[in-house]
Amino acid sequence: MLRRILAVPAGLIAGIICITLVEKIGHQLYPPPAAVGSGDMAAMKEYVAQAPFMALFFVIIGYALAAFVSGFIASKVANNGKHASAAVCGVIFLLITIYMMFSLPTPVWFWILGILVWGLVFAGSTLAFKK
């Protein structure tokens, strides 16, 4: 029982780490203006509206990696042969992603990929069952 309870936080933490690492790489290659890092939402909206494709695509790559890793970790920790913990991680991340896409002026392709990639939690979960 305790493993199933801890599975979701473990998956979420692993996913957050993945997103953070990939976004840091993206920011190294496509640095945002200094005002973006200060928490200025207007500056963030302006940056996202004008950001190059690859700057935004790094976010999608981070989401995809986070989905896969969080599904894998959640299923490994739960160790019950079910996708439930991975699915909970995916739903939580999906809701956060949708909130962020409503908050920032993201293009249509970002919406489509930003929603679809969270299905990769099931790929990670399936791999966890095979190991």
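Guide: An axis is a line fitted to C-alpha atoms, for helices over the stretch in contact, and angles run from 0 to 180 degrees between N-to-C directions. The model is predicted, with pLDDT of at least 70 needed for local features and 80 or more for side-chain atom pairs, while totals for chains, interfaces and linings use all residues. Residues are numbered from 1 along each chain as its sequence is written, and side-chain values use heavy atoms, without hydrogens and water.

Visitor: At what angle do α5 and α6 pack?

Guide: Helix α5, residues 84-103, packs with α6 at an angle of about 170°, and their axes are 9 Å apart. Helices here are DSSP runs (H or I, at least four residues), numbered from the N terminus. The angle makes α5 roughly antiparallel to α6 (over 145 degrees).

Visitor: Which residues meet there?

Guide: On the α5 side they are Leu94, Thr97, Ile98, Met101 and Phe102. On the α6 side they are Phe110, Trp111, Gly114 and Ile115. Such contact means heavy atoms within 4.5 Å. The residues of this contact divide into seven nonpolar, two polar and no charged. Asp, Glu, Lys and Arg count as charged; Ala, Val, Leu, Ile, Met, Phe, Trp, Tyr, Cys and Pro as nonpolar; and the others, Gly among them, as polar.

Visitor: And how far apart are the axes of α1 and α4?

Guide: The axes of α1 (residues 2-29) and α4 (residues 53-78) are 7 Å apart, and these helices pack at about 155°. Helix α1 is therefore roughly antiparallel to α4. In the contact of α1 with α4 there are 20 nonpolar, five polar and four charged residues.

Visitor: Changing topic: how many residues has the largest nonpolar core?

Guide: The largest nonpolar core has 27 residues. A core is a set of buried Ala, Val, Leu, Ile, Met, Phe, Trp, Tyr and Cys residues joined through side-chain atoms within 4.5 Å. The residues with the most contacts inside this core are Ile19, Tyr47, Tyr63, Phe110, Val117 and Trp118.

Visitor: Which helix gives the most to this core?

Guide: Helix α4 gives the most, with nine residues. At least two residues each come from α1, α3 (41-50), α4 and α5.

Visitor: What is isoleucine 19 in contact with?

Guide: Isoleucine 19 is in contact with Gly62, Tyr63, Ala66, Phe93 and Trp118, leaving aside its neighbours within four places in sequence.

Visitor: Is serine 75 buried or exposed?

Guide: Serine 75 counts as buried because its relative accessibility is 3%. Buried means under 20%, exposed over 50%, and partly exposed in between (1.4 Å probe, protein chains only). Serine 75 has its place in helix α4. Not counting residues up to four places away in sequence, serine 75 touches Lys82, Ala86, Ser125, Ala128 and Phe129.

Visitor: Where does asparagine 79 lie?

Guide: Asparagine 79 lies in the loop between α4 and α5. Its relative accessible area is 57%, so asparagine 79 is exposed. Phi of asparagine 79 is near 50°, a positive value in a residue other than glycine.

Visitor: What about leucine 116 and glycine 119?

Guide: Leucine 116 lies in helix α6 and counts as exposed, at 59% relative accessibility. Glycine 119 is in the loop between α6 (108-116) and α7 (120-130) and counts as partly exposed, at 39%. The C-alpha atoms of glycine 119 and isoleucine 61 are separated by 13 Å, and the two residues are 58 residues apart along the chain.

Key: Angles under 35 degrees count as roughly parallel, over 145 as roughly antiparallel, 65 to 115 as roughly perpendicular and the rest as oblique.
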